[in-house]
Amino acid sequence: MAQISSQYLTITGNTGCFNNFINVNTAISDEDNQIREWLSPLKPHQRHQDVRAERLDGVGDWFLETSEFRKWSKGEDGSLERVLFCSGGPGVGKTFLW
Amino acid sequence: MIDNLCDQVEEKNMAVAWLYCDFLAHQEQSATAMLGAILRQLVSIREIPEDIRERFRKRFPDRGLRLPDMVGMLKTAISLLPPVHICIDALDESTPKSRQELLESLRDIVQESPRTRVLFTGRFHVAEDVKKYFAEAIIVPVSPTEDDIRVYLSVRLERDTEARAMDDDLRRDIMRIIPETISEV
């Protein structure tokens, strides 16, 4: 509890707001959002939505069945497939795998 | 692939983060920002680690994050999660400087957390860069199959705005010749 109140005080202190009715949870999640923004302005989730919208059903699914990808995604300790580089020539649209 | 991995997260106890490199966003895509995008996803999975919260509170407001700080925070986040799978698309679209820094940082992270997995896609010429930092990397050549191309073509033809220019013979030729020719390349 002590920890939560100190977070509350820090945040209200920073914004110069001492309104006693501020909900503690809201104050904390505001800080979470600020931390995320601070970490990076990039938003790969949005880009993924765009890629997903363009993707055609079934295209590239064979890749998910390759032994390289299966071993890589399984991630067994000591397996060699820790790092995969899927390479293609210009224009083959490697993003089709995503 | 991303959706496939996300579907496995619960069952296999793993975490997934991804990144799209982009020619058009070079200014935004420093290695620090790219790694930050990965970290941003990882801290959204569970509570933000206390160490990262502390660093945020002690930050200098007029100074951006530096690469070593970012790598340190990534290591912290990864150590608290099940095995993290990082996917990076179009590595060749990053600038050479960002690419070297990104690869070096990832190597550092994988050495510290050997359960971490990294998958890149990119053109052939950046394979050497990957090999320089990850000698053990497995190179998987990928290209669309004839079936992939057929699906793609049929959707494109369906959406053709000049439908009058098309007849059955032309459509048949397109659907036969293009997939064969491309898959021979």
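Residues are numbered from 1 along each chain as its sequence is written, and chains are lettered from A, and ligands numbered from 1, in the order in which they are written. Because the model is predicted, local features need pLDDT of at least 70 and side-chain atom pairs count only at pLDDT 80 or more, whereas totals for chains, interfaces and linings use all residues.

Chain A holds five helices and one strand, where helices (H or I, at least four residues) and strands (E, at least two) are DSSP runs numbered from the N terminus. Along the sequence the pattern of chain A reads α-α-α-α-α-β. Of the 98 residues in chain A, 21% are buried, a residue being buried if 20 or more other C-beta atoms lie within 10 Å of its own, exposed if 12 or fewer, and partly exposed in between, with C-beta atoms placed from the backbone.

The contact between the chains takes 42 residues from chain A and 55 residues from chain B; two residues are in contact if their C-beta atoms, placed from the backbone, lie within 7 Å. On the side of chain A that touches chain B, the largest share, six residues, comes from E1(A). The residues of that side divide into 22 nonpolar, twelve polar and eight charged, where Ala, Val, Leu, Ile, Met, Phe, Trp, Tyr, Cys and Pro count as nonpolar, Asp, Glu, Lys and Arg as charged, and the others, Gly among them, as polar.

**A sheet built from both chains**

Five strands form an open sheet in the order E1(B)-E2(B)-E3(B)-E1(A)-E4(B), with parallel pairing; two strands pair if DSSP finds at least two bridges between them. The edge strands, each pairing on one side only, are E1 (15-20) and E4 (138-141) of chain B. The strand from chain A, E1(A), pairs with two strands of chain B, as the table sets out.

| Strand paired with E1(A) | Sense | Bridges |
|---|---|---|
| E3(B) | parallel | six bridges |
| E4(B) | parallel | four bridges |

Within these pairings, A:Val83 has B:Val118 of E3(B) as its bridge partner, while A:Phe85 stands opposite B:Ile139 in E4(B).

Strand E3 of chain B also contains B:Leu119, which is buried, with 26 other C-beta atoms within 10 Å. Not counting residues up to four places away in sequence, B:Leu119 touches A:Trp72, A:Leu84, A:Cys86 and B:Cys87. B:Leu119 and B:Ile138 are 19 residues apart in sequence, yet their C-alpha atoms are 9.6 Å apart in space.

Leaving aside neighbours within four places in sequence, B:Leu39 is in contact with A:Leu39, B:Met70, B:Met73, B:Leu74 and B:Ala77.

Helix H5 (residues 96-112) of chain B has buried residues, among them B:Leu102, B:Leu106 and B:Ile109, and the buried residues of H5(B) pack against H2, H4, E3 and H6 of chain B.
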